[in-house]
Amino acid sequence: MTDPYAERVRRLTALRGCDTVLAGIRPPSVAEQLHTLRAVAADDLLPDFYGEGGPVEAVEHRVAELLGTEAVAFFPTGTMAQQVAMRYGAELTGRDAVGLHPLSHPLLHERDAYAVLGGLRAVRTTNAPRNPTAEEVAALDEPIGTLMLELPLRDAGFVLPTWDELVAVVRAAREAGARVHLDGARLWESTVHLGHSLAEIAALADSTYVSFYKSLGGHSGAALAGSAELVRSARAWRHRYGGNLFQQWPAALAALAGLERELPRLAGYVAHAKLVAEALAGLPGARVHPAPPHTHQFRLWLPHPADALNDANLALAEEEKAWFIGGWRDTEVPGVSLAEVTVSAPATELDAAQVVELAERFLRRLPRT
Ligand SMILES: Cc1ncc(COP(=O)(O)O)c(C=O)c1O
């Protein structure tokens, strides 16, 4: 039997050793991460204490500045932050139903925490693989306390609405007496497609959650942004949920580093993702969605079994020090597999011809069918 941890270490070691990387980044070692933290910590900076002061307070201020909200609370996880936001909406409106997409993070990846811990109930907003429209929200047959919109909707292919669609769906939610919460785990890179700043997007909502360890490359952690009242209540619920950690400065410093170094580069990744997606779409039997991508992440399908694709990628990395795309999984169509592609710093070193050349080296490693 294969040991999943050993397999993971093997993949990460291979990726770290690559000279060329298309999808993802070379994972930094612990020593490299400590070096990054050291670079953003002033010599006299003191640690935080149960969520107050130090790097935690600094990151809260920075996020409040970027999102233009009255207040921000740092959270150990987005899972916790969003449960708190949904509970707050239920308390204010007296409605325990939350408008959620069937592919949203709380419905797919949180073991029903919103219901089991939060005492909330999901009303599914739409079955379409995108955020709901204003018409769909207006037509919901039961009242909801909070409408949650995931920007971008990851499990539908990192898809975003247009700005006008977003404004309209927010209006529809308010007209139905609901509050609006944004799952902005990947909000940082959504400004390009939406054509509006982080603050303009957050201003549409009552609360916004952002993540520090996805596109920003931090260790972990999240922030919940909104009014001072929301954040005061969120701090109480954070404590209740076991999220008032004695010290969180390593995660907070990594978040500050990500905001300083990675945030300004995201728009460039989004632009480059269009070129990469177009090059990949030309491979035999390939499909890309969305085309063009809305952010620096998108989905790619290839007509081969996932095991064969993962093996070919690992062999290419170990033997030629080149990483194409990992994380393939089988789909409901036999013999067709899907991967999420993230275009970040290493991919920006590759032009379209180099992407195709790398893809061809990868495809040559697949068993002949
Ligand atoms: C869209 C979305 N929302 C929420 C979360 C939860 O974040 P965390 O892992 O910090 O709990 C994730 C994490 O992958 C996510 O992708």
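Me: Helices (H or I, at least four residues) and strands (E, at least two) are DSSP runs, numbered from the N terminus. Between which two helices is Y50 found?
Reply: This is a predicted model, in which local features need pLDDT of at least 70 and side-chain atom pairs count only at pLDDT 80 or more, while totals for chains, interfaces and linings use all residues. Residues are numbered from 1 along each chain as its sequence is written, and side-chain values use heavy atoms, with hydrogens and water left out. Y50 sits in a loop, and the elements on either side are helix 2 (30-40) and helix 3 (54-67).

Me: Is Y50 buried, partly exposed or exposed?
Reply: Buried means under 20% relative accessible area, exposed means over 50%, and partly exposed lies in between (1.4 Å probe, protein chains only). The relative accessible area of Y50 is 41%, so this residue counts as partly exposed.

Me: About how much accessible area do F49, Y50 and F246 have together?
Reply: Patches take residues with over 30% relative accessible area and no salt bridge; like charges are joined within 9 Å, and nonpolar side chains (Val, Leu, Ile, Met, Phe, Trp, Tyr) within 5 Å. Accessible areas come from the Shrake-Rupley method with a 1.4 Å probe, and for residues only the protein chains shown count as cover. F49, Y50 and F246 make up a nonpolar surface patch, and their accessible area together is about 330 Å².

Me: How far apart are the end C-alpha atoms of residues 48-295?
Reply: An unreviewed UniProt entry gives these residues the feature "domain: Aromatic amino acid beta-eliminating lyase/threonine aldolase"; such annotations may be inferred rather than shown by experiment, feature names are shortened, and positions are in the numbering used here. The span is 44% helix and 15% strand, and the distance between its end C-alpha atoms is 34 Å.

Me: Why is strand 2 largely enclosed by the rest of the structure, and how many of its residues are buried?
Reply: In a regular strand the side chains alternate between the two faces of the sheet. In strand 2, A71, A73 and F75 lie on one side and V72 and F74 on the other, with both faces covered. Strand 2 (residues 71-75) is largely enclosed because the number of its residues that are buried is five of five.

Me: Which residue of strand 8 stands opposite F75?
Reply: Two strands pair if DSSP finds at least two bridges between them. Strand 2 and strand 8 (residues 222-226) are antiparallel partners, with five bridges. In this pairing, the residue opposite F75 is A222.

Me: Which residue is the bridge partner of W301 in strand 13?
Reply: Strand 10 (residues 297-302) pairs with strand 13 (residues 337-342) in the antiparallel sense, over six bridges. Within strand 13, W301 has as its partner L338.

Me: What is omega for the cis peptide bond between L151 and P152?
Reply: Most residues other than glycine have a negative phi, and most peptide bonds are trans. P152 belongs to the loop between strand 5 (146-150) and helix 8 (163-175). The bond joining L151 to P152 is cis, with omega of about -10°.

Me: Is F158 buried or exposed?
Reply: F158 is found in the loop between strand 5 and helix 8. Its phi is positive, near 60°, although F158 is not glycine. The relative accessibility of F158 is 1%, so the residue is buried.

Me: How many residues apart in sequence are the parts tied together by R16 and E32?
Reply: A salt bridge is a side-chain nitrogen of Lys or Arg within 4 Å of a carboxyl oxygen of Asp or Glu. R16 and E32 form one, with their closest N and O atoms 3.0 Å apart. R16 is in helix 1 (residues 4-16) and E32 in helix 2, so the separation in sequence of the parts they tie together is 16 residues.

Me: How many residues apart in sequence are the parts tied together by E340 and R154?
Reply: The salt bridge between E340 and R154 has an N to O distance of 2.7 Å. E340 is in strand 13 and R154 in the loop between strand 5 and helix 8, so the parts tied together have a separation in sequence of 186 residues.
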